[in-house]
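Dear colleague,

My notes on the findings follow directly after it.

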Amino acid sequence: METVPPAQEQTQLPSNGPIVAAFVSATIGILVLALVQVATVMSARFKDTVFEVGKAWIPGAEGIGPSSGKETFMLAAWLLSWVGLHYTLRQRELPLRPLFGVALAILAVAVFLVWPPVWHLIE
Amino acid sequence: MTLLVLLGVTVAFAGLISLVTSPVAALLGDSRYAIPDALHGVTAILYVITATISAYLAYRLFFNRLEDLRDLRVIASLNACLSLLTVIFGNWIYIYYRDKGGPRGYFLETRPVIHEIFFEFKEFLALFTLPIAVATAYILLRERNDLVRRPWLPQIVAVLIVCAWGRLMLVFGLGAAITKLRSV
């Protein structure tokens, strides 16, 4: 069993900004994927652009189709926002619980947006 | 490490029994897409196993009853790796799913709702698990024992793990269903 050494108990915790950056950037990536999906349903031209983005770097993207581009947007939004937020928030102490609540709400919105009957409403 | 040893022994035993009792060709099937199909299926099954173990540990973490975080750190890291591999192999099999004469064309002609719900919705939920699994593993690896010293962080990590697990179970169920309806 791992136990916390007494000396460590008394040390001050480092700022929690990087923790917030990790889960907030994950939700940003997920939300961007959902928004890109909605946008591709609304615009055939945007769908083609998204497909071109996927074809630029994913092996076999020609066969995968526009999903390759949607994945690319998700990865780019997630990883870039993670790097940006990490460096912006690394020295900051933030309220974890409300921020996590917002992140959960964004996740729920993303799931709602990728539910097929929702696309049909906006088509 | 007890859980990991148990997991390793269980997987090795299942693999040994499968290899001894059935010819590999029959195990993979006779489809020309058998290899990507098998890789996607195996990684998904392994991911379900590790994610389920992590969900149990997360339940204990949520109620501050998990004293040893090492197992959870290792399992969460495995979850992140398996999520990535499942997505990569999923992309590979998707090429065959969309191929001429593949299941997609069949579903779009006969029952488009199957393609939309069982496949497209499932695909998005599967992608959602990757950032969540990686963020969870990162937090656990970064914080180590500090995790339990921060107010609300054990609960946040536990909820993230259970969120990813819930999505994975839904995705796995939909994926298994679609292979029963028409496989590649």
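In this predicted model, helix α6 of chain A, residues 96-113, packs against helix α7 of chain B, residues 153-181, at an angle of about 10°. Angles under 35 degrees count as roughly parallel, and α6(A) and α7(B) are therefore roughly parallel to each other. Their axes lie 10 Å apart. On the chain A side, the residues that meet α7(B) are Leu96(A), Arg97(A), Phe100(A), Leu104(A), Leu107(A) and Val111(A). Their counterparts in α7(B) are Leu153(B), Ile156(B), Val159(B), Leu160(B), Cys163(B) and Arg167(B). By class, this contact of α6(A) with α7(B) comprises 10 nonpolar and 2 charged residues, with no polar ones.

A second pair of helices also joins the two chains. Helix α5 of chain A, residues 67-89, and α6(B) pack at an angle of about 20°, and 11 Å separates their axes. At that angle α5(A) and α6(B) are therefore roughly parallel to each other, and their crossing is right-handed. From α5(A), the contact draws on Ser67(A), Lys70(A), Glu71(A), Met74(A), Leu75(A), Trp78(A), Trp82(A) and His86(A). These meet Glu123(B), Phe124(B), Leu127(B), Leu130(B), Pro131(B), Val134(B) and Tyr138(B) in α6(B). Sorted by class, the residues of the contact of α5(A) with α6(B) are 10 nonpolar, 2 polar and 3 charged.

The two chain B helices named above also pack against each other. Helix α6 of chain B, residues 112-143, meets α7(B) at an angle of about 150°, with the axes 8 Å apart. Since angles over 145 degrees count as roughly antiparallel, α6(B) is roughly antiparallel to α7(B). The crossing of α6(B) and α7(B) is left-handed. Their contact has 23 nonpolar, 3 polar and 3 charged residues.

Turning to the interface as a whole, 47 residues of chain A and 38 residues of chain B take part in the contact. About 4000 Å² is buried between the two chains, and carbon and sulfur atoms give 71% of that area. Three residues, Phe124(B), Arg149(B) and Arg150(B), supply 17% of the area that chain B buries against chain A, more than any other three residues. Phe124(B) is also among the α6(B) residues that meet α5(A). Between chain B and chain A the count of salt bridges is 0.

As for the overall layout of chain B, the chain has 7 helices and 0 strands, and its pattern along the sequence reads α-α-α-α-α-α-α. Taken along the principal axes, the C-alpha atoms of chain B fill a box of roughly 55 × 40 × 20 Å.

With kind regards

Note on methods:
Residues numbered from 1 in each chain as written. Chains lettered and ligands numbered in written order. Predicted model: local features only at pLDDT ≥ 70, side-chain atom pairs only at ≥ 80, totals over all residues. Heavy atoms only, no water. Axes fitted to C-alpha atoms, helices over the stretch in contact; angles between N-to-C directions. Helix = DSSP H or I, 4+ residues; strand = E, 2+ residues; numbered from the N terminus. Parallel < 35°, antiparallel > 145°, perpendicular 65-115°, else oblique. Contact = heavy atoms within 4.5 Å. Nonpolar A, V, L, I, M, F, W, Y, C, P; charged D, E, K, R; others polar. Left-handed = near helix turned anticlockwise from the far one by under 90°. Buried area = accessible area lost by both parts, 1.4 Å probe. Salt bridge = Lys/Arg side-chain N within 4 Å of Asp/Glu carboxyl O.
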